[in-house]
Amino acid sequence: MTRKHDEIFDAVLSGINSEEPTQKKDRGAGRFLKRGNAIGEKLSGDVDEKTLQRVDPGRCKMWERHNRNYELLTAENCADLIEGIQQQGKQEFPAVVRRIQGDADYDYEVICGARRHFAISWLQANNYPQFKYLIEVRDLTDEEAFRLADIENRDRADISDYERAVDYAAAVKLYYGGKQKSMAQRLQVSEAWLSRYLFLAKLPTEIVEAYPNPNEIKELHARSLKPFLAQPEARSEMIERAAWLASMRAVGATTDGQPWNDPAKVIEELKRAGQGKAIKRKTKASLKHVYTAKGTDYKMKRTDTGRQVVLEFDKSIPPADLRKLLDKLMIDREGDI
């Protein structure tokens, strides 16, 4: 041992029979015993030593089962993390990765840390080449990787309910033989809680596509639609209504001046359909729809007044653009309310 270690050891020994050990001796003994315990645990295999290193993010790719949709990450929704790294001068918390064998393009796959990967990559691409991606390398099975990612992200608000639900639906088949009870036990959650997320992942495609972004679908939304989806007639009405909502959003149409891209409005309309209340709206006020042609500045306004439909558009509009707007109108009319 070094002289310093000898002094600590002596301090421990000298204080064994002392009824009133000094505070200094207590601190020395504590450090010595803590270090001794740590060494013993490491040698016995009870503790895994972390391997941290800073690497080029370009040598890391997302694990194919990563529970975050990397394509939806932007400088805007990662702004807090990007700013924090700039202020600290480095990434403080490591991402968890696994080594990849036999891949010339990548050395690691990211299990936890997609936002950190995006933030460092963005900084490097925007005049901050000095930043590196801090990683912790672990040897994990796919099931262990899934549980680790779930534990890290379960309480994070920036992981959507739908992302989590899709991840769970795949995992129950891949790792637990389709047995929800086994999966719930491994994740240490209730079967009822897990069942709600698995149901969310099973929503019909038409309902998912009715939303502007699937990540805006909440577990509570699926729960409120579940009674209607269990009834064939109500289910059919909701799916039909969902397809109509998607077409309205696709053509940029509005009703009563409101665009069909509000998640709250989508769930309201779906529930109305399930209740058999998705009837034609007849109000004293005119219903106005505005259509736009992608790639142009031309618009066409449709006003419904009673039994009449009035179309308004610039008379200088090129025929090709007018045809696009009329095509959108026809899509609207097919599912008109």
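The model is a predicted one.

Start with the interior. In soluble globular proteins, nonpolar side chains tend to be buried together. Here the largest nonpolar core has 45 residues. Seven of its members have the most contacts inside it: Ile 111, Phe 146, Tyr 168, Met 183, Leu 203, Ile 207 and Leu 270. Helix α11, residues 232-250, gives the most to this core, with six residues. There is also a second, separate core, of 20 residues. Val 110, Ala 119, Ile 120 and Val 137 are included in that second core.

Met 183 is then in contact with Phe 146, Tyr 168, Ala 171, Val 172, Tyr 176 and Leu 194. Phe 146 and Tyr 168 are, like Met 183, listed with the residues that have the most contacts inside the largest core.

Leu 194 leads on to helix α8, which spans residues 191-201. Leu 194 is buried in this helix, and so are Tyr 197, Leu 198, Phe 199 and Leu 200. What do the buried residues of α8 pack against? They pack against α6 (161-174), α7 (180-187) and α10 (219-229).

Now turn to the loop between α7 and α8. Gln 188 lies there. Its phi is positive, near 60°, in a residue other than glycine. Gln 188 counts as exposed, at 73% relative accessibility. Asn 127 is another non-glycine residue with a positive phi, about 75°. Asn 127 sits in the loop between α4 (114-125) and β5 (133-137). With a relative accessible area of 71%, Asn 127 is exposed.

Next come the charged pairs. A search of the whole structure finds 14 salt bridges. Three of them are followed here.

The side chains of Arg 115 and Asp 80 meet in a salt bridge, at 2.8 Å from N to O. Arg 115 belongs to helix α4 and Asp 80 to helix α3 (residues 79-88), so this pair ties together parts that are 35 residues apart in sequence. Are the two partners buried or exposed? Arg 115 is buried, with a relative accessible area of 14%. Asp 80 is exposed, with a relative accessible area of 53%.

Arg 98 and Glu 109 make another salt bridge, with their closest N and O atoms 2.5 Å apart. Arg 98 is in strand β3 (residues 95-99) and Glu 109 in strand β4 (residues 108-112), so the bridge ties together parts eleven residues apart in sequence. Arg 98 is buried, with a relative accessible area of 11%. Glu 109 is buried too, at 12%.

Helix α4 takes part again through Arg 116. Arg 116 forms a salt bridge with Glu 152, and the closest N and O atoms are 3.1 Å apart. Glu 152 lies in helix α5 (residues 142-153) and Arg 116 in helix α4, so the pair ties together parts that are 36 residues apart in sequence. Arg 116 is buried, with a relative accessible area of 10%. Glu 152 counts as partly exposed, at 24% relative accessibility. As for shared partners, salt bridges join Arg 98, Glu 109 and Asp 142 into one network.

What about disulfides? The count comes to zero, with a cut-off of 2.5 Å between cysteine sulfur atoms. Cys 60 counts as buried, at 4% relative accessibility. Cys 78 is buried as well, with a relative accessible area of 0%.

Which residues make the nonpolar surface patch? Val 309, Leu 311, Phe 313 and Leu 326 do, and the patch covers about 280 Å². Strand β10 (residues 308-313) gives the most to this patch, with three residues. Phe 313 is found in that strand. Phe 313 is partly exposed, with a relative accessible area of 37%. Patch residues must have over 30% relative accessible area, so Phe 313, at 37%, is above that cut-off.

Terms used:
Residues are numbered from 1 along each chain as its sequence is written. This is a predicted model: local features need pLDDT of at least 70, side-chain atom pairs count only at pLDDT 80 or more; totals for chains, interfaces and linings use all residues. Side-chain values use heavy atoms; hydrogens and water are left out. Patches are made of residues with over 30% relative accessible area and no salt bridge: like charges are joined within 9 Å, nonpolar side chains (Val, Leu, Ile, Met, Phe, Trp, Tyr) within 5 Å. Accessible areas come from the Shrake-Rupley method with a 1.4 Å probe; for residues, only the protein chains shown count as cover. A salt bridge is a side-chain nitrogen of Lys or Arg within 4 Å of a carboxyl oxygen of Asp or Glu. Helices (H or I, at least four residues) and strands (E, at least two) are DSSP runs, numbered from the N terminus. Buried means under 20% relative accessible area, exposed over 50%, partly exposed in between (1.4 Å probe, protein chains only). Contact means heavy atoms within 4.5 Å. A nonpolar core is a set of buried Ala, Val, Leu, Ile, Met, Phe, Trp, Tyr and Cys residues joined through side-chain atoms within 4.5 Å. Lists of a residue's contacts leave out its neighbours within four places in sequence.
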